[in-house]
Amino acid sequence: MALSVPKAPGVAQMLKDGARMYSGLEEAVYRNISACKEFAQTMRSAYGPNGMNKMIINHIEKQFVTSDAGTIMRELDVEHPAAKLIVMASQMQDAEVGDGTNFVVVLAGALLESAEELLRLGITTAEIADGYEKALEKALEILPKLVCHKIEDYRDVNKVKDVLRTTIMSKQYGQEDFLNDLVSKACVSILPDEGTFNVDNIRICKILGSGLPKSEVVRGMVFKRFVEGDVTFAEKAKIAIFSCPVDIIQTETKGTVLIKSADELMKFSSGEESLLENQIKAIADAGVKVIVAGGKVGDMALHFLNKYGLMAVRLNSKFDLRRLSRSVNATVLPRITTPSQEELGYCDKVCIEELGDTTIVAFRNEGKDSRIATVVIRGATDNFMDDIERALDDAVNSFKCLTRDGRYLPGAGATEIELATQLSAYADTLPGLEQYSVRKFANALEVFPKALAENSGFNGTEAVNLLYLAHNSESGKNIGFDIEAETASTIDAAKAKLFDLYQGKFWGLKYAVGAATTILKVDQIIMAKRAGGPKPRQAAGSDDES
């Protein structure tokens, strides 16, 4: 009989064999901080317009080359529980604002790095967390006073261009003016008179070939497909959309037909044909010029569609069907029936176009009631077009935020240094141990201008010193770091139109501090043994060998 080894007293004796437990500062807190620091430093080199790209090959061997933090984290599949908390905070930022994911990761990492120094000085995690929360409260109080620009009329394309430029510049430096022009026109063109702006109404279609300058905005929708029949063009067209196949309808139950003669066989097949012809003729008589189907278009149905001059387009995705119905203001019908006038959609032009060697079907609506716009991106590689799509996606989300709150803060690290200056002064007024945490919070904010400078090839410390010098004057609160200068120098971010979204900074600070304080308050990590793992090997000479 195998010898039973007693377990160590404490929590370990309550857990299954193979479970692991880490506790205390050395085992739990410092390990968590170390993992988060490494993760934040990886993301920090991708921060800003000159941030480096990361090449990631995910679990299905798909390759990504990007500096977009959201994509990097999504494809990395982070396993460490503490680093996962930062990823979750960043995902919340993405859901709330749609931009600033890297801001959350870098700030949370810098706060934890500063906390490690305080812990080694003997300050407890609870005091550090309290100090960070107090600093956050003060920072959110200061933030509205730093607003340097506000948009009242977000239907003015030129005003929208001024504020979206920085968002695109941080992802596609050098291409920002052209892309800004595309996305601003697309967003303003479909802005509803009432109700909120829907991000899903800006579609992106990527077509390989040519170059980025050949990209364009289409009022309506574009699909990389070919039409089913011979008709390839329809103007001022009424559109019927069906979610089912356009074919001879199969009955729900199986039946048997007894045919005794050749005449009966001819009548039976012609009966099916005439039924289908009558259905398509009735649809054509209702004024329909284009039929969109969610399933296959049968050969017999195609013959009658060509006979009555109807254009047929097949869409495999039910989501594309819904978006198209929204774009042309039609109702998706579940079976082949004659649609009423209220159920029909309308489109100015439906046509086949060729871009490079790719054939597309374009549903163009030039009128004011166009509800969806598509940005057609051209490029040499799929990776390049994917990166352009991410930049446009961030810009569209920023536009959505500015329709809710049009306030903007100075960019280029100006906001962070001004916050750091004011928080350092605030720390001097605090009597307790929180003052050390507040001061470290202010120091952590320096990481952003430092990262901007280092990623642009300048000395980070010199850049921070220049900014502090400028911000000590009365009129220096909008001064940021100039990444385009030949030597380390500053620039007035407001005059240079380098704006950061107020909502992005507001939520970014909240989520980063929330993640950092949660990680600091962890003093034990208990990892239970996973079910379904390999069974332990039997000891030699055990009584199972009978």
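# Sheet, salt bridges and surface of a predicted model

Reader: What is the strand order in the open sheet of three strands, and how do they pair?
Author: The order is S4-S14-S17, and the pairing is antiparallel. Strands are DSSP runs of E with at least two residues, helices are runs of H or I with at least four, and both are numbered from the N terminus. Two strands pair if DSSP finds at least two bridges between them.

Reader: Which are the edge strands?
Author: Strand S4 (149–150) and strand S17 (499–501), each of which pairs on one side only. S4 is joined to strand S14 (residues 407–410) by two bridges. Lys150 has Arg407 in S14 as its bridge partner.

Reader: Which helix packs on the sheet?
Author: Helix H6 (residues 157–169), which touches S4, S14 and S17. The direction of H6 makes about 85° with that of S17. Axes are lines fitted to C-alpha atoms, for helices over the stretch in contact, with angles from 0 to 180 degrees between N-to-C directions. Contact means heavy atoms within 4.5 Å.

Reader: What are the ground rules for the model?
Author: It is a predicted model, in which local features need pLDDT of at least 70 and side-chain atom pairs count only at pLDDT 80 or more, while totals for chains, interfaces and linings use all residues. Residues are numbered from 1 along each chain as its sequence is written, and side-chain values use heavy atoms, with hydrogens and water left out.

Reader: Salt bridges next. How many does the structure hold?
Author: The structure holds 27. The criterion is a side-chain nitrogen of Lys or Arg within 4 Å of a carboxyl oxygen of Asp or Glu. One of them joins Lys521 and Glu133, at 3.7 Å from N to O. Lys521 is in the loop between helix H16 (502–520) and strand S18 (524–527) and Glu133 is in helix H5 (residues 125–142), so the pair ties together parts 388 residues apart in sequence.

Reader: Is Lys521 buried or exposed?
Author: Lys521 is exposed, with a relative accessible area of 52%. Glu133 is partly exposed at 33%. Buried means under 20% relative accessible area, exposed over 50%, and partly exposed in between (1.4 Å probe, protein chains only).

Reader: What does Glu353 form a salt bridge with?
Author: With Arg364, the closest N and O atoms being 3.0 Å apart. Glu353 lies in strand S11 (residues 345–355) and Arg364 in strand S12 (residues 358–364), so the pair ties together parts eleven residues apart in sequence. Arg364 counts as buried, at 14% relative accessibility.

Reader: Which residues are linked in a network of salt bridges?
Author: Asp200, Arg203, Asp320, Arg323 and Arg326.

Reader: Backbone now. Where is Asn329, and what is its phi?
Author: Asn329 is in the loop between helix H10 (318–328) and strand S10 (332–333). Its phi is near 65°, positive in a residue other than glycine. Ala412 is not a glycine either, and has a positive phi of about 60°. Ala412 is buried, with a relative accessible area of 16%.

Reader: Last one. Which residues form a nonpolar patch on the surface?
Author: Val257, Ile259 and Leu265, with about 250 Å² of accessible area together. Patches take residues with over 30% relative accessible area and no salt bridge, joining like charges within 9 Å and nonpolar side chains (Val, Leu, Ile, Met, Phe, Trp, Tyr) within 5 Å. Areas come from the Shrake-Rupley method with a 1.4 Å probe, and for residues only the protein chains shown count as cover.
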